[in-house]
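Please read it beside the model.

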Amino acid sequence: MKQHLCVHGLNIRVETEFEYLLQLLKRDYGIFFVEQKVDVADIIIRVVKGEGDKKRGIITPMDNLCIISEESMFFFIKTMSDESFYKREFRKYFTAFISWNLFLARNALCFHSSCVSKNNIGIIFMGESGCGKTSLAVEMGVNGYDYMSNELTFISSEIDNVYIYGMPQEINLGAEALDWFEKNYPERFCLLENEGMLKLEFTEKNKRIYSQRIFEKVSTSCYEGIIIFPEPDLYAEVPFFEKVPPENLAIQLMRYFLFPSEWKFRPYIDEDLLEKLENIFIDIANKIPAYHFRWTKNHEQNRKVIEKIINNNTYM
């Protein structure tokens, strides 16, 4: 089986004998699927069952074999009985491979962040897990903003502007945040549940929602942006924000930058590459405004303050 995708200008062909893999890929990245065949693919990704030549590739944490070149990635796997291979390995390597190629093609850098957009302005919530990226994005989404990404967002600096590229994946919310949204937006969440699009997974610490249908629309790119560094302040009465100076922003960006070298796409970083990365960080920092944002339990209030931030930027 073959599936063609066009991901931010990259023509990709995925070949596999596992139909289940393509179904999972469509759940996350169906917006990039194309029906027509692509004569020449920039990237070929193949997943087959078997051993392969271990001398040619790397052994993954799940004891599979992955052989990577500049234009192809071959997976030789032992089993495909559930979602574990897709979540723990395929999606990570798939995304990292795209990340590396977008870096080569467009100087695009990948950041640990969620993103929504409106009127071609991307609102990027950047930070560590648990800082509130998804909760703030969902609040914006149920109030008219488009969904772009939940964990990974690309920012590219090109001549006179920045471009934001999304990677929409399944959305997950912590228990407390989900309770708040169910209480304050019952019609939206009940509708999703009735349609079978709201899937809850209960654990001791968390319950998660797997659906992009929280958002009325999914977008993949925009040409302006604002970066928000969220931090919870659950005992505060009102949210607080302050602007990040460009000279400090470049350092902040480095903190949340995800470089695919950890997946062996580039086993070393030479001086030329370091200089190129430094220049891109500085360029982005001088072109896109950023704010530290301490948010409260009231997400409606958080949204209104974020919209104030958006409206305060005169270029909009």
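1. For the classes used here, Ala, Val, Leu, Ile, Met, Phe, Trp, Tyr, Cys and Pro count as nonpolar, Asp, Glu, Lys and Arg as charged, and the others, Gly among them, as polar. On that basis, the lining of the second largest pocket has 8 nonpolar, 9 polar and 4 charged residues.

2. This is a predicted model, in which local features need pLDDT of at least 70 and side-chain atom pairs count only at pLDDT 80 or more, while totals for chains, interfaces and linings use all residues. Residues are numbered from 1 along each chain as its sequence is written, and side-chain values use heavy atoms, with hydrogens and water left out.

3. A pocket is an open set of points on a 1 Å grid over the protein atoms alone, where a 1.4 Å probe fits, with protein on both sides within 12 Å along at least five of seven lines; lining residues have an atom within 4 Å of a point. The second largest pocket is lined by 21 residues, and Gly-132, Ser-135, Gly-174, Ala-177 and Trp-295 lie nearest its centre. Helix H3 (133-141) and helix H4 (175-184) are the elements that give two or more residues to this lining. H4 gives the most, with 4 residues. Helices (H or I, at least four residues) and strands (E, at least two) are DSSP runs, numbered from the N terminus.

4. Strands pair if DSSP finds at least two bridges between them. E5 (residues 58-59) and E6 (residues 65-68) run antiparallel, joined by 2 bridges, and Ile-58 stands opposite Cys-66 in E6. Their hairpin has 5 residues between the strands, and Asp-63 takes a positive phi near 65 degrees there.

5. E6 also pairs with E7 (residues 72-77), in the antiparallel sense over 4 bridges. Here Ile-68 stands opposite Met-73 in E7, and 3 residues lie between the two strands of this hairpin.
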